[in-house]
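Biologist: I would like to go through this model with you. Please set each label against its definition.

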Amino acid sequence: MTTTTAQATQVYQVFIKATPEAIWDAITKPEFTARYFYGSIFDTTWEPGAPLAGWAADRSQQYVDGEILEVSPPTRLVTTWRALYDAETAAEPHSRVTWEIEPGEDGVTKLTVIHDELESAPMTAANVAGGWMYVLSGLKTLLETGEPLAG
Amino acid sequence: MVWDVDDDRVFKALADPTRRHLLDRLYERDGRTLTELESELEMTRFGVMKHLRVLEEAGLVTTRRSGREKLHFLNPVPIRLIHDRWIDKYRERRVAALADLKTELEESA
């Protein structure tokens, strides 16, 4: 088994049969995020400089904190990101998450998540890969079928 | 640009040992240039480019510019989608069948 160091820049991409506007809503509105983002809702005004707080839907636990850096609906959203669900990741500095939404032909839109600035956050880097795959797979399923992923 | 959201391209891209090897190299260390990837393969630059293009068209590799360099990143999401669609589904049925068999045998014992 080869030892793998978690990457300081990670890129996740998925093609979704939905409009950029629908994808933007799915990223920013709690009625959508609660259905594919580990049941999370995000408290923020989605304005540059505003704080970002990701909570469990019942607000029993805060999962994420950060700050909104850039907002260009429906194509680009940049925030800082610190995962609070684990004591080790919570102790690390903020990293950065960029959402890029690019329309194509035939009603298919490309969604890319770039999680970078993870150089000083190795635990977070090691921790998020499975999470982003689950989130993007769930987001695609929700928008294309109207149903969240099973399980 | 037309993007293919079908599984066909992913299966075709994975059906080649050199392309699977390239994915494993990127899994070990992501964000590599063509020159770095080429140096680890017994293959011409053109050959590696061709394989990377197939992987890119299948969405398994994405590229981003960093200064003058073009970096290649592994995108694991299509593999996850195939897993959800083609592996989880059948594994669950198999597990369910075994669970049913156990119940049946225990009830008749």
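Biologist: What makes β6(A) and strand β7 (residues 108–116) of chain A a pair?
Modeller: Two strands pair if DSSP finds at least two bridges between them. β6(A) and β7(A) have eight bridges, in the antiparallel sense, so they meet the cut-off of at least two. One bridge joins A:T98 to its partner A:I114 in β7(A). Strands here are DSSP runs of E, at least two residues, and helices are runs of H or I, at least four residues, both numbered from the N terminus.

Modeller: A word on sources. This is a predicted model: local features need pLDDT of at least 70, side-chain atom pairs count only at pLDDT 80 or more, and totals for chains, interfaces and linings use all residues. Residues are numbered from 1 along each chain as its sequence is written, and chains are lettered from A and ligands numbered from 1 in the order in which they are written.

Biologist: What lies between β6(A) and β7(A) in their hairpin?
Modeller: Four residues. In that turn, A:D106 has a positive phi of about 60°.

Biologist: How do you know that strand β5 (residues 76–83) of chain A pairs with strand β6 (residues 95–103) of chain A?
Modeller: Six bridges join them, and they run antiparallel. In β6(A), A:S95 is the bridge partner of A:W81.

Biologist: How does the span of helix α4 (residues 122–145) of chain A compare with the expected one?
Modeller: The expected span is 1.5 Å times one less than the number of residues. α4(A) has 24 residues, for which 34 Å is expected; the helix reaches 35 Å from its first C-alpha to its last, which is close.

Biologist: Where does α4(A) bend?
Modeller: At A:V128, by about 40°. The bend is the angle between axes fitted to the seven residues ending there and the seven starting there.

Biologist: Which residues of α4(A) are called buried, and why?
Modeller: Among them are A:V128, A:M133, A:L136 and A:L139. They are called buried because 20 or more other C-beta atoms, placed from the backbone, lie within 10 Å of their own.

Biologist: What makes residues of chain B count as in contact with chain A?
Modeller: Their C-beta atoms, placed from the backbone, must lie within 7 Å. By that test, 18 residues of chain B are in contact with 21 residues of chain A. α5(B) gives the most to chain B's side, with four residues.

Conventions
Contact = placed C-beta atoms within 7 Å. Buried ≥ 20, exposed ≤ 12 C-beta atoms within 10 Å, placed from the backbone.
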